[in-house]
Amino acid sequence: MTDTVRVRFAPSPTGFLHIGGARTALFNWLFARRHKGAFILRIEDTDTTRSTDEYIEAIIEGMRWLGLDWDEGPFRQTDRFDVYRSYADRLIRDGMAYHCYCSPEELEERRKEALAQGKPLMYDGRCRDLKAPVPGVAPAVRFRMPREGRTVVDDMIKGFVEFENWQLDDLIILRSDNTPTYNLTVVVDDVDMKITHIIRGDDHLNNTPKQIQLYKALGYETPKFAHLPMILGADKARLSKRHGATSVMAYYEMGYLPEALINYLVRLGWSFGDQEVFSRDELIEHFSFEHVGKAAAVFNPEKLTWLNSQYIMKSDPARLAELVIPFLVKEKIINEEASVDLAWLARAVVTLQERAKTLVELASSLRYFFSDPASYDEKAEAKFLNDKNLPFIVELRDGLRSLEDYSHDGIEKIFTALVERHEIKLGAIAQPVRVALTGGTVSPGIFEVIGIIGKETTLRRLDKAIDRIRSINPV
RNA sequence: GGUCCCAUCGUCUAGCGGUCUAGGACGUGGCCCUCUCAAGGCUAAAACACGGGUUCGAUUCCCGUUGGGACCGCCA
C-alpha cells in the first residue's frame with residue numbers, strides 16, 4: 001500500500017458507545033496506527049430527530065476512556081448539509097436521481113402488502129420515469145439504481161460478494177424536507193475525507209453494493225471494505241440492552257480497566273496464534289485483517305473478567321491506587337474530601353492485586369485498611385473469636401506491643417515464636433487474628449495486613465476482639 | 001418472504017490437504033502449594049453440524065441440507 005491509509009469511525013449519536021461500536025472503532029484505530037495512517041471521527045447525526053449532543057459527548061467519553069485517539073474531527077454531518085445537497089443536485093441533473101412523490105404512508109402500506117404476499121420489500125419504482133412533478137407534494141429524491149448487471153464487493157474479510165443490480169433498491173438520498181440520508185452522506189463524506197478503507201460491522205454488507213453504485217454515479221473510485229462480524233449475546237442474538245451492560249462506560253463503572261476491555265474486544269474476532277494477552281504496542285504491531293474471523297462471536301463476560309484480573313495483577317500499584325479512589329468513595333469507604341496517602345494506599349493495593357478481579361472488588365477489599373471492622377462475620381466470630389483462642393490472641397498482642405522491629409520479619413517472628421511454644425499450626429493463630437483485624441476470614445497474608453495497618457491500629461483491634469471475647473465468655 | 005453472511009470443545013479461537021490420537025485460552029472438576037482467600041503449577045472432561053463429491057488422502061477445497069445471524073426505513 002503506497003497511499004496513506006485513512007479510516008474513520010462514524011457512529012450516529014442515537015445512543016451510548018456500546019460494545020459493538022467500540023470494537024469497530026478499535027479495529028479502525030488499530031488499522032490506522034498499524035499503517036501510520038489517519039483515524040477520523042465523524043458523527044453521523046443526519047437523523048436530527050434521534051441524535052443528541054449528550055450522546056455525542058457520551059461517545060467521545062467512551063473513546064477517550066478506551067484510549068482510542070483520533071487524528072481528525074469530530075466532524076458533524078449536520079454541518080455539511082449544503083455539501084450533500086449539491087451532490088444530490090448533481091445526480092438529479094445527470095439523470096442519476098429522480099423525484100419521488102410517494103408518501104411515507106403509501107410506501108409503508110405497500111411494504112406491508114408485499115410482506116403479506118411474500119414478495120420482496122422493494123420500492124416499485126413508480127416515480128422513476130415520471131414526466132412531470134406532482135403538484136402540491138414535496139418530493140423526496142431517489143437514486144436511480146441500475147437494473148442491469150451486478151455489483152461485486154471486494155471485502156478484506158468476506159472476500160468477493162456479488163449482488164444482482166436489479167435487486168438493489170432505489171434508495172432515498174434526500175428526504176422530502178430536503179435533508180440528506182445516510183446512504184448519500186456516507187458516500188459523500190468518505191469521498192471528501194479521502195477515506196481509503198471502510199471498516200464497519202457486517203450489518204452494512206447489504207448496503208455496500210448500493211453505495212458502490214453511488215460512488216460510480218458520482219464518478220469516484222470505491223475504497224476498500226472490511227465488514228466485521230457482529231458481536232452476539234449469550235442467546236446468539238445481536239448484542240443489545242437485553243444482554244445487560246452494553247455501554248462501554250458501564251464497564252468503567254463495574255471496575256474494568258480500559259486495556260482489559262480493549263484486549264478482550266480485539267480477541268473477539270481477531271487472533272494471533274495462541275496469544276491471549278497483548279500490550280497496545282503488540283496489537284498495533286500484529287494487527288491485520290488476515291487474522292480476522294468471518295463468524296459472529298458471542299460476548300463472554302467471564303473471559304473479560306479474567307483478562308481484567310490479569311491486568312490488575314500486572315498494573316503499577318501507584319496507578320491502581322489512584323484509579324481505585326473513586327470506587328472507595330462510591331463504596332463509602334472514604335469521604336470524597338478525604339485526603340489519602342497514596343504511597344500507603346499503594347502498599348495496601350499490592351497485597352490485593354492478585355486477589356481482585358475488578359476495581360470495585362479491590363475497593364471493597366480495601367475497607368479494613370481504612371476502618372476497624374464494624375462487626376465480625378458471624379460464623380468467623382463463632383469459630384475463631386472464642387475462649388479457646390483467647391490466650392493466644394492475648395499473648396500475640398503482648399508480643400506485638402513490645403515489638404520494636406515492626407517489620408514483616410519482626411512480625412513473623414512473634415508468630416513463629418508463639419506457634420513453636422504452643423506447638424500449634426500457624427493457622428490456629430493467624431485465623432483468629434485475621435478475624436480480629438479484618439472482621440472476616442479472607443484477607444492477604446496476615447503479616448502484611450498487620451504491617452500496613454500499623455501497630456497502633458493492630459493493637460486497638462486486637463484489644464477490641466479480646467474485650468469482646470471476655471464479655472461474651474465471662475471467666 | 002427476498003438478498004447476503006456465517007458454521008472447530010459451553011464460549012473465544014489455532015488450523016491456511018498429510019505434522020490432527022485436532023492445539024491454546026476462559027469457564028467447570030480433581031490434585032499440589034498454603035496462615036485464609038487468591039495467585040501459580042499439574043491434570044481431567046469437552047469440538048471439526050450433516051450428506052454428497054474432488055483427491056492417494058479431507059477439519060482444511062466444491063456442492064447441497066440443516067442451523068444461526070444480518071439487511072430489506074423519507075434510521076444509521
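Modeller: Happy to. Rings of Phe, Tyr and Trp (its six-membered ring) form a pair if their centres lie within 6.5 Å; planes under 30 degrees apart are called stacked, over 60 edge-to-face, and the rest tilted. By that rule, a search of the whole structure turns up 17 aromatic pairs.

Before we go in, a word on the model. It is a predicted one, where local features need pLDDT of at least 70 and side-chain atom pairs count only at pLDDT 80 or more, while totals for chains, interfaces and linings use all residues. Residues are numbered from 1 along each chain as its sequence is written, chains are lettered from A and ligands numbered from 1 in the order in which they are written, and side-chain values use heavy atoms, with hydrogens and water left out.

One of the pairs joins Tyr264 and Phe299 edge-to-face, with 5.2 Å centre to centre and 85 degrees between the planes. Tyr264 sits in helix α8 (residues 258–267) and Phe299 in the loop between β12 (297–298) and α10 (301–314), so this pair ties together parts that are 35 residues apart in sequence. The helices (H or I, at least four residues) and strands (E, at least two) are DSSP runs, numbered from the N terminus. Tyr264 is buried at 4% relative accessibility, and Phe299 is buried too, at 8%. Here buried means under 20% relative accessible area, exposed over 50%, and partly exposed in between, with a 1.4 Å probe and protein chains only.

Elsewhere, ring pairs link Phe27, Phe31, Trp270, Phe272, Phe278, Phe287 and Phe289 into a cluster.

Let's stay with Tyr368, which leads us to an arginine. The backbone oxygen of Tyr368 lies 2.8 Å from a polar atom of the Arg461 side chain. (A polar contact is a pair of N or O atoms within 3.5 Å; within protein, one must be able to donate a hydrogen and the other to accept it, and residues adjacent in sequence count only if both atoms are side-chain atoms.) Arg461 belongs to helix α20 (residues 455–472) and is buried, with a relative accessible area of 2%. Leaving aside neighbours within four places in sequence, Arg461 is in contact with Tyr368, Ser371, Asp372, Pro373, Tyr376, Ala436, Leu437 and Ile453, where contact means heavy atoms within 4.5 Å.

Helix α20 also takes part in covering another helix: α15 (378–384), α17 (408–422), α18 (426–438), α19 (446–453) and α20 are among what covers the buried residues of α16. Those buried residues are Leu390, Phe392, Ile393, Val394, Leu396, Arg397, Gly399 and Leu400. Helix α16 (residues 390–401) has 12 residues and reaches 16 Å from its first C-alpha to its last, close to the 16 Å expected; the expected span is 1.5 Å times one less than the number of residues.

What about α17? Its 15 residues should span 21 Å, and its end C-alpha atoms are 22 Å apart, which agrees. Gly410, Ile411, Ile414, Phe415, Leu418 and Val419 are buried in α17, and the buried residues of this helix pack against α16, α18 and α19. Just after α17, Glu423 takes a positive phi of about 50 degrees.

Leu66, in helix α2 (residues 53–66), is buried, with a relative accessible area of 1%. Beyond its neighbours within four places in sequence, Leu66 is in contact with Leu17, Ala22, Val248, Pro258, Leu261, Ile262 and Arg280. Of these, Val248 is 182 residues away along the chain, yet the C-alpha atoms of Leu66 and Val248 are separated by 8.6 Å.

Finally, a strand for contrast. Strand β1 (residues 6–9) is covered on both faces: Arg6 and Arg8 on one side and Val7 and Phe9 on the other are all buried. β1 pairs with strand β2 (residues 38–43) in the parallel sense over four bridges, where pairing requires that DSSP finds at least two bridges between two strands. Ala38 in β2 is the bridge partner of Arg6.
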